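Me: I am new to this structure and would like a close look at a single part of it. Please keep the account plain and define the terms as they come up.

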Amino acid sequence: MIKEDWVSDRLSNLDVHKSMGSDGMHPRVLRQPVDIVAEPLFIIFERSWRTGQVPEDWRNANVTPVFKKGKKENAENYRPVSLTSILGKTMEPLILEIIIKQVEEKKVIRSSQRGFTKGESCFTNLIPFYDGVTGWVDEGRATDVFYLDLSKAFDTVSHNILLGKLRRCGLDEWSVSWIENCLNGTTQRVVISGAESSWRPVTSGVPPGVSTGPSLVQLPHQ
């Protein structure tokens with residue numbers, strides 16, 4: 001269940017230096033009057049979650065190129081950044097907390113899961129791996145290691161598979177419906193130096209916002 005103090009905390013911690021999304025709402029507008037806007041936004045977030053309805057502005061994203069290094073005339077030296085609604089991004093961590101609580105209660109995530117898991121990292125993954133491999137080598141056993149790197153894994157994930165996994169994991173229908181409506185109605189456009197492309201639907205990839213997407217994709221099959 002979404003709580004008002006969650007909303008207040010999220011608004012209070014907004015980075016006012018972040019760029020605004022396609023809705024034109026700057027994070028400073030939400031952070032400074034947090035005592036005034038927290039309660040009405042809590043009502044909006046709660047209603048959105050319980051009905052599964054996601055405002056259209058939250059599902060639109062401006063994609064803009066950010067220069068990395070090298071020659072600026074080379075398109076490969078830029079990386080695309082998706083700028084979504086600040087309100088939508090504020091809602092996403094609240095949905096993520098609800099999902100994490102439910103999957104923990106249902107023991108969906110195994111103890112061996114390291115990626116995108118709170119308190120875990122590559123380092124905590126390497127320790128038991130190194131322990132096991134060195135033990136096998138000391139015993140004189142043959143040891144083979146296979147490394148797999150799925151290119152663009154988060155960008156090409158099937159929406160139907162993702163939603164199916166969430167339902168099989170026993171996630172409440174309110175949260176699944178909210179994510180489903182985000183996926184079904186997300187659109188994006190390219191914005192460069194004030195010039196805008198036409199809107200195009202997003203048909204694959206994780207839900208909007210890096211806070212939620214990778215964690216959902218890592219859920220095991222049931």
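Which residues in H3 meet which residues in H4?

Reply: This is a predicted model, in which local features need pLDDT of at least 70 and side-chain atom pairs count only at pLDDT 80 or more, while totals for chains, interfaces and linings use all residues. Residues are numbered from 1 along each chain as its sequence is written, and side-chain values use heavy atoms, with hydrogens and water left out.

Helices here are DSSP runs of H or I with at least four residues, strands are runs of E with at least two, and both are numbered from the N terminus. On the H3 side, Leu-41, Phe-45, Ser-48 and Trp-49 meet Leu-87, Thr-90, Met-91, Leu-94, Ile-95 and Ile-98 of H4. Contact means heavy atoms within 4.5 Å. The residues of this contact divide into eight nonpolar, two polar and no charged. In this scheme Ala, Val, Leu, Ile, Met, Phe, Trp, Tyr, Cys and Pro count as nonpolar, Asp, Glu, Lys and Arg as charged, and the others, Gly among them, as polar.

As for geometry, H3 and H4 (residues 86–105) pack at an angle of about 60°, and their axes are 11 Å apart. That makes H3 oblique to H4; angles under 35 degrees count as roughly parallel, over 145 as roughly antiparallel, 65 to 115 as roughly perpendicular and the rest as oblique. Axes are lines fitted to C-alpha atoms, for helices over the stretch in contact, with angles from 0 to 180 degrees between N-to-C directions. The crossing of H3 past H4 is right-handed, meaning that the near helix is turned clockwise from the far one by less than a right angle.

H3 (residues 34–51) also packs against H8 (residues 173–185), at an angle of about 95° and with the axes 6 Å apart. That makes H3 roughly perpendicular to H8. Here Ser-48, Trp-49 and Arg-50 in H3 meet Trp-174, Ser-175 and Trp-178 in H8. By class, the contact of H3 with H8 has three nonpolar, two polar and one charged residues.

Asp-57 counts as partly exposed because its relative accessibility is 42%, between buried (under 20% relative accessible area) and exposed (over 50%), with a 1.4 Å probe and protein chains only. Leaving aside residues up to four places away in sequence, Asp-57 touches Ser-22, Asp-23 and Ser-85.
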